[in-house]
Amino acid sequence: QLQLVESGGGLVQPGGSLRLSCAASGFSLDYYAIGWFRQAPGKEREGVSCISSSGGSTNYADSVKGRFTISKDNAKNTVYLQMNSLKPEDTGIYYCAAKGWDCTVVGGSKAPLTDFGSWGQGTQVTVSS
């Protein structure tokens with residue numbers, strides 16, 4: 001059974017940092033890209049970042065570039081999202097999900113949310129003073 005479990009969320013002040021983890025079981029991240037997504041209250045789920053199966057390719061939403069860093073540890077079958085300089089608008093439930101091999105589709109565009117599966121249950125991130 002393919003399963004992803006997120007952890008590491010919490011309440012943090014603006015300007016603070018959090019590191020989210022996405023632990024995979026039932027499959028190897030050697031063969032899957034992992035995407036991080038978030039959903040704020042009343043808003044649609046949006047892509048935040050993605051890392052390819054090899055770890056050699058990553059992408060980020062414009063709103064988090066320079067502040068968030070995605071990485072993976074294949075030995076631990078876990079993907080991380082380091083979030084620095086957090087802003088109130090980063091508040092939401094953060095989810096990870098899997099896609100075969102790459103974060104992109106034919107032509108090189110970012111893969112849409114609908115291409116990802118095995119969604120985790122999410123972890124809440126609240127940025128507030």
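Phe 27 counts as buried, at 10% relative accessibility; buried here means under 20% relative accessible area, exposed means over 50%, and partly exposed lies in between, with a 1.4 Å probe and protein chains only. Good morning. I begin with this residue and its partner, and then turn to the sheets and the cores.

First, the basis of the work. This is a predicted model, in which local features need pLDDT of at least 70 and side-chain atom pairs count only at pLDDT 80 or more, while totals for chains, interfaces and linings use all residues. Residues are numbered from 1 along each chain as its sequence is written, and side-chain values use heavy atoms, with hydrogens and water left out.

Phe 27 has an aromatic partner, Tyr 32. Their ring centres are 4.9 Å apart and their planes stand at 75°, so the pair is edge-to-face. The rule is that rings of Phe, Tyr and Trp (its six-membered ring) pair if their centres lie within 6.5 Å; planes under 30 degrees apart are stacked, over 60 edge-to-face, and the rest tilted.

The structure holds five aromatic pairs. Another of them joins Tyr 95 and Trp 119, also edge-to-face, with 6.4 Å from centre to centre and 75° between the planes. Tyr 95 lies in strand E9 and Trp 119 in the loop between E9 and E10, so this pair ties together parts that are 24 residues apart in sequence. Strands are DSSP runs (E, at least two residues), numbered from the N terminus. Tyr 95 is buried, at 11% relative accessible area, while Trp 119 is partly exposed, at 28%.

Let us now turn to the sheets. Six strands form an open sheet in the order E2-E10-E9-E4-E5-E6, with mixed pairing; two strands pair if DSSP finds at least two bridges between them. Strand E2 (10-12) and strand E6 (58-60) stand at the edges with a single partner strand each, so one side of each has no neighbour in the sheet. From one strand to the next, the twist averages 25°; the axes behind this angle are lines fitted to C-alpha atoms, and angles run from 0 to 180 degrees between N-to-C directions.

Within this sheet, E2 and E10 run parallel and are joined by three bridges, with Gly 10 opposite Val 125. E4 runs antiparallel to E9, through eight bridges, and there Tyr 32 faces Gly 100. E4 is also antiparallel to E5, through five bridges, and Phe 37 stands opposite Gly 47. E4 and E5 form a hairpin with six residues between them, and Gly 42 in the turn has a positive phi of about 75°. How enclosed is E4 by the rest of the structure? Six of its eight residues are buried, so E4 is largely enclosed.

A second open sheet has four strands in the order E1-E3-E8-E7, with antiparallel pairing. Its edges are strand E1 (3-7) and strand E7 (68-73), each with a single partner strand, so one side of each is left without a neighbour. E1 and E3 are joined by five bridges, and Leu 4 stands opposite Ala 24.

Finally, the interior. In soluble globular proteins, nonpolar side chains tend to be buried together. Here the largest nonpolar core has 26 residues, and Ile 34, Trp 36, Leu 81, Met 83 and Tyr 94 have the most contacts inside it. A nonpolar core is a set of buried Ala, Val, Leu, Ile, Met, Phe, Trp, Tyr and Cys residues joined through side-chain atoms within 4.5 Å. E3 gives the most to this core, with four residues.

Leu 86 and Gly 15 are 71 residues apart in sequence, yet 4.8 Å apart in space, C-alpha to C-alpha. Thank you.
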